[in-house]
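This briefing covers aromatic ring pairs and surface patches. Look at the structure first; the notes follow it.

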Amino acid sequence: PAASARRAWPLTLVLCTALLAALVTPAIHTFRQACEDDDLPARHVQLFREHHGVEPTDEYTPTQAANDVLRADDPPYWLSGDPQSFAAHTTPNPATLADPNAAKPDDTATPAGSGTLLPTSQEWQFDVALPPFQTIVLNTRDYPNWDVTVVSESSISIERPPHEPRDDGLIAVRLGSGISTLYVNWQRSVDEYVGDALSLAALGVFTALSFRARARRSGRVE
């Protein structure tokens, strides 16, 4: 019986492969969804090089933020008297065109080039000169780990102003008049440190159990 099974194995492998091909080939043409042009790797590489980012997904959207109102052609940052306003000359999402309550572009906003701020773990630093009660909006989603520090030349003070809420979830900070220097840092959160500690503890336990199991197999441990 063992010899017969060995002889039947190649035939079984061929038949299983042929059956799999016969089932998969028509199914993949019927049910497989082709990748859209905007989702192709070449398009994503182009977006990264232009620093425009990629289309957001709900899994990585800040709490209380909506992707439908986010605009793909926002400048890296803009200044406005209204924390809720959009940058001038930007294209609204079609989903918001019929909403009479949607925020309108601020034609007096001061843009800065085009694209997103560079994604980096290094600190950003830039100076802005503002009239009174202006808001700077950064084209970066307001995740809790972003720490924005403002140094005002007029009062020589260091502040961490509260972030203004926006429907699109971008960082918005209201500043005083005069020249201000912004420092934007990505801070590690408590859960990251806890995760690292748990991973190290699990690695230690795994190493100890591995040595103990090896010692048992060699007869040194009862």
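Two rings of Phe, Tyr or Trp count as a pair if their centres lie within 6.5 Å, with the six-membered ring standing for Trp. Planes over 60 degrees apart make such a pair edge-to-face. The model discussed here is predicted. Under the ring rule, the count is two aromatic pairs, and ring pairs join Tyr143, Trp146 and Trp186 into a cluster.

**Aromatic cluster**

- Tyr143 and Trp186 pair edge-to-face, at 6.5 Å centre to centre and with 75° between the planes.
- This pair connects distant parts of the chain, as Tyr143 sits in the loop between β3 (134-141) and β4 (146-152) and Trp186 in strand β7 (residues 178-186), 43 residues apart.
- Trp146 and Trp186 also form an edge-to-face pair, with 4.9 Å centre to centre and 80° between the planes.
- Because Trp146 belongs to strand β4 and Trp186 to strand β7, their pair ties together parts that are 40 residues apart in sequence.

**Accessibility within the cluster**

- Which class does Trp146 fall into, buried or exposed? Trp146 counts as buried because its relative accessibility is 12%, and the cut-off for buried is under 20%.
- Tyr143 has a relative accessible area of 27%, so Tyr143 is partly exposed.
- Trp186 is likewise classed as partly exposed, because its relative accessibility is 37%.

**Nonpolar surface patch**

- Leu19, Leu20, Leu23, Val24 and Ile28 make a nonpolar surface patch of about 480 Å².
- Leu23, one of the patch residues, is located in helix α1 (residues 2-31).
- With a relative accessible area of 55%, Leu23 is exposed, since the class begins over 50%.

**Negative surface patch**

- Which residues form the negative surface patch? The patch consists of Glu36, Asp37, Asp38, Asp39 and Glu55.
- Glu55 is placed in the loop between α2 (41-50) and β1 (77-80).
- Glu55 counts as exposed because its relative accessibility is 64%.

Notes: Residues numbered from 1 in each chain as written. Predicted model: local features only at pLDDT ≥ 70, side-chain atom pairs only at ≥ 80, totals over all residues. Heavy atoms only, no water. Patch = residues over 30% accessible without salt bridge, like charges linked within 9 Å, V, L, I, M, F, W, Y side chains within 5 Å. Areas by Shrake-Rupley, 256 points an atom, 1.4 Å probe, with all protein chains shown as cover. Salt bridge = Lys/Arg side-chain N within 4 Å of Asp/Glu carboxyl O. Lys, Arg positive; Asp, Glu negative; His and termini not counted. Charge placed at Lys NZ, Arg CZ, Asp CG, Glu CD. Helix = DSSP H or I, 4+ residues; strand = E, 2+ residues; numbered from the N terminus. Buried < 20%, exposed > 50% of the residue type's maximum accessible area, 1.4 Å probe, protein only. Phe/Tyr/Trp six-rings, centres within 6.5 Å; stacked < 30°, edge-to-face > 60°.
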